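Dear colleague,

I am passing on the structure we spoke about, and I would be glad if you could look it over with the notes below beside you.

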Amino acid sequence: MKKYVDSILSGFAIGIAALCFLKGGLYIGAALFAFGLSGIIYSKWPLYTGKAGFFSNWKELAWLVPMLLLNIAGTYLATWLGVDMNLEEAASKLVEVRVNRGFLGCLLPAIGCGFIMTMSVKFAREGKWIPLLLGIPTFVICGFPHCVADIAYYSIFPKEGMIGAWLGTVLGNFIGCNLPTYDRWRANS
C-alpha cells in the first residue's frame, strides 16, 4: 500500500512543480521545478522518470505502468488544488506546442528530459545534489517534455491530439532514462 500512496505523492509533487512553472514563468518556474524532484528523491517516492532508468528485472519494469498511472492521479490532484490560479493561458501555450509537435515531435525532445532525469537522480542518490538542482531547470528551459508534468498542463487545457503527443513523451522519457544506464544490460548479457 505504501508504494501506491508514495507514487501518488510523487505525482502530487510534480503537479505542484508544474503549477509553479506555469505561474512563475520560464526561469523562476524552472528553478522552482527542482523542488518537486528534490522532495521526491529525499522522500524516496516512486516517480516514473526517476525509476525508468533503474529497473533491474521484469517485475520492476512492469511496475512502471501502475506507477505512472498513480503519478498521474497525484498530478491531477495537485492541478485540482491549483484550479483558481488562472493558469489557462500559460498552459494553453505549452499544450499547443506539444500537440502541434505530435508523437514523434514530442518523443525526440523527451529523450533529453529522460536523460537529464536519470543523471540527476543518479547523482542525488549518491548525495550529490548540484546536478539535480541544475539538471531539472535545464530540461525545463530547453522545453524537453516530462510525461508526468505534462499531465498538469493537459488537465488545465485539454486539446484534441494530446494523447498522441503524451504517448510520444512517455516513450521518449523512457528511452532517455535508459541512456545513462545502458551498460547494465551489457553487463548482464
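This is a predicted model: local features need pLDDT of at least 70, side-chain atom pairs count only at pLDDT 80 or more; totals for chains, interfaces and linings use all residues.

Residues are numbered from 1 along each chain as its sequence is written, and side-chain values use heavy atoms, with hydrogens and water left out.

Helix α4 (residues 88–125) packs with helix α5 (residues 130–142) at an angle of about 170°, their axes being 9 Å apart; helices here are DSSP runs of H or I with at least four residues, numbered from the N terminus, and axes are lines fitted to C-alpha atoms over the stretch in contact, with angles running from 0 to 180 degrees between N-to-C directions. The two helices α4 and α5 are therefore roughly antiparallel, a term that applies to angles over 145 degrees. On the α4 side C113, I116, M117, S120, F123 and A124 meet P131, L132, G135, I136, T138 and F139 of α5, where contact means heavy atoms within 4.5 Å. The residues of this contact divide into nine nonpolar, three polar and no charged, with Ala, Val, Leu, Ile, Met, Phe, Trp, Tyr, Cys and Pro counted as nonpolar, Asp, Glu, Lys and Arg as charged, and the others, Gly among them, as polar.

Helix α6 (residues 149–156) is largely enclosed by the rest of the structure, because seven of its eight residues are buried, which is to say under 20% relative accessible area with a 1.4 Å probe and protein chains only. Those buried residues are A149, D150, I151, A152, Y153, Y154 and I156, and they pack against α1 (2–43), α3 (58–81), α4 and α7 (162–178).

Within α4 lies L94, which counts as buried at 16% relative accessibility. Not counting residues up to four places away in sequence, L94 touches F21 and Y153, while its C-alpha atom is separated by 8.9 Å from that of Y154, 60 residues apart along the chain.

With kind regards

Methods:
Angles under 35 degrees count as roughly parallel, over 145 as roughly antiparallel, 65 to 115 as roughly perpendicular and the rest as oblique. Buried means under 20% relative accessible area, exposed over 50%, partly exposed in between (1.4 Å probe, protein chains only).
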